[in-house]
Amino acid sequence: MGLFGLFGKDKKESLNKGLEKTKESVFKKLARAVVGKSKVDDEVLDNLEEVLITSDVGVETTVRIIERIEERVRRDKYMGVDELNQVLKEEIVDLLKENNKADVDAFDLPAGGGPYVIMVVGVNGVGKTTTIGKLANKFKEAGKHVVLGAADTFRAAAVDQLVIWAERVGVPIVKQNMGADPASVAFDTLSKAKADKADVVIIDTAGRLHNKINLMNELTKIKNVMKKVIPDAPHEVLLVLDGSTGQNAYEQAKQFTLATEVNALAVTKLDGTAKGGVVIGISDQFKIPVKYIGIGEKMEDLQMFNREEFVDSLFN
């Protein structure tokens, strides 16, 4: 069975469609970068560098990719421009593999007793609540018992939106009044999940970045309270980033990784933008695996991130 058989034809088609704008933009730039050239020389590499930077791959990551390609050109003595796409794909996949987290292709959970706790962080407007709803749906489809916790108590809209998702997906939600202590909501949610022998708990948190110290203190407090119920919680701190903001997503990733120990990323809204290259840069820069990508509005448009498939869709 080939790679595509494993990944699933429908998922691959959704991925291709979701990355269409980025792909089109990258291809136009790549075509211009090699026009009139038969082999990869310094000029082509300079042009390629510009293509990657303007595709939101980020300067540092671009430099690393170019160095790897230069090394191959030196080693192989000659590289035709027709080989460039394939080489680019291989080098980017290898670079992403250095995060040494294997791609997971199903919504499975690590073996172990008790609920698996996911704490979701990210600024308002990045698609955090929608991602939580879609995640809950994916886990439910995988036969898991899911409980949601509405700990973004500063915005009534956030709680209301999460309640709508909980009803839509058909999973229980724990919430308190507007302005309640987020840590108290987290405590109640984990207590319920533990009592109900749930498999997964997903906790929404407030996304205010204007004061990093407050944010840091709040997230630390939520984590400490969780540990009182489930000592090794949270198992996953998932940072949701809006891919369409390009370089701004790097800045958010920087702020949140300073504020709390993020160990997984979700990059959303990739279907509406040509900035899909940001996934490569963020994954490389922060050494935190991108676990999920959002490539559309539909429930099934949240996918587990698969490096090879992603890069293949981008450069094929």
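**View 1. Strand E2 (residues 146–151) pairs with E4 in the parallel sense, over six bridges.** This is a predicted model, so keep that in mind for every view here.

**View 2. Strand E4 covers residues 200–205, and six of its six residues are buried.** That is why E4 counts as largely enclosed by the rest of the structure. In a regular strand, side chains alternate between the two faces of the sheet. Look along E4 and you'll see Val200, Ile202 and Asp204 pointing one way, while Val201, Ile203 and Thr205 point the other way. Both sets are buried, with Asp204 and Thr205 included.

**View 3. Helix H3 (residues 20–34) packs against helix H4 (residues 42–54) at an angle of about 165°.** Their axes sit 9 Å apart. Since an angle over 145 degrees counts as roughly antiparallel, H3 is roughly antiparallel to H4. The crossing of H3 past H4 is right-handed.

**View 4. Side by side in the H3–H4 contact are Val26, Lys29, Leu30, Ala33 and Val34 from H3, and Val44, Asn47, Leu48, Val51 and Thr54 from H4.** Sorted by class, the contact of H3 with H4 holds seven nonpolar, two polar and one charged residues.

How values were computed
Residues numbered from 1 in each chain as written. Predicted model: local features only at pLDDT ≥ 70, side-chain atom pairs only at ≥ 80, totals over all residues. Heavy atoms only, no water. Buried < 20%, exposed > 50% of the residue type's maximum accessible area, 1.4 Å probe, protein only. Helix = DSSP H or I, 4+ residues; strand = E, 2+ residues; numbered from the N terminus. Pairing = 2+ DSSP bridges. Axes fitted to C-alpha atoms, helices over the stretch in contact; angles between N-to-C directions. Parallel < 35°, antiparallel > 145°, perpendicular 65-115°, else oblique. Left-handed = near helix turned anticlockwise from the far one by under 90°. Contact = heavy atoms within 4.5 Å. Nonpolar A, V, L, I, M, F, W, Y, C, P; charged D, E, K, R; others polar.
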